[in-house]
Amino acid sequence: LVGLPGSGKSSLSARLSRLGWVVVNQDTLGDRKACVAAAKRALSDGKRVVIDRCNVTRLQRRVWLGVADEQEVGAACIWLDVSEAECGERVLQRF
């Protein structure tokens, strides 16, 4: 997933989780290295994975495309196109 904080990535990830997807979330796992390891484990086990982090730059997304390539699985990018103002309002509602 790609999007600013507050764009709905975690909400979409939660829905996908209910459908059996493994959610890899950097807020939960701590850093990208742990996320890469978790994604590789899940993909090795034949599971579908959703990466719940901002991934706003090509360099950040390239990491996940590399993981998919290494594991010989397809990958797709879903850009959550939500305005900065809306994202800001959503983030403020968390507090």
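A pocket, as the word is used in these legends, is an open set of grid points where a 1.4 Å probe fits, with protein on both sides within 12 Å along at least five of seven lines. All the views come from a predicted model.

View 1. Look for Lys9, Ser10, Asp27, Asp52 and Arg94, which lie nearest its centre among the 15 lining residues. Helix H1 (9-18) and helix H2 (26-29) each give two or more residues to the lining, and H1 has the largest share, with 3 residues. By class, the lining holds 7 polar, 6 charged and 2 nonpolar residues.

**View 2. The largest pocket, lined by 23 residues.** Here the space comes to about 530 Å³. Closest to the centre are Val49, Ile51, Trp64, Ala75 and Ala76. H3, strand E2 (49-52) and H4 each supply at least two lining residues, with H4 providing the largest share, 5 residues. The lining counts 18 nonpolar residues, along with 2 polar and 3 charged ones.

**View 3. A salt bridge between Glu70 and Lys40.** Their side chains meet at 3.2 Å, N to O. The pair links distant parts of the chain, 30 residues apart: Glu70 sits in helix H4 (residues 58-71) and Lys40 in helix H3 (residues 32-44). Lys40 is partly exposed, with a relative accessible area of 26%.

View 4. Glu86 is partly exposed at 30% relative accessible area, and Arg90 is partly exposed at 31%.

Notes. Residues numbered from 1 in each chain as written. Predicted model: local features only at pLDDT ≥ 70, side-chain atom pairs only at ≥ 80, totals over all residues. Heavy atoms only, no water. Salt bridge = Lys/Arg side-chain N within 4 Å of Asp/Glu carboxyl O. Helix = DSSP H or I, 4+ residues; strand = E, 2+ residues; numbered from the N terminus. Buried < 20%, exposed > 50% of the residue type's maximum accessible area, 1.4 Å probe, protein only. 1 Å grid on protein atoms, 1.4 Å probe; cavity = no way out; pocket = protein on both sides within 12 Å on 5 of 7 lines; lining within 4 Å. Points joined across faces, edges and corners; volume = space filled by probe spheres on them. Nonpolar A, V, L, I, M, F, W, Y, C, P; charged D, E, K, R; others polar.
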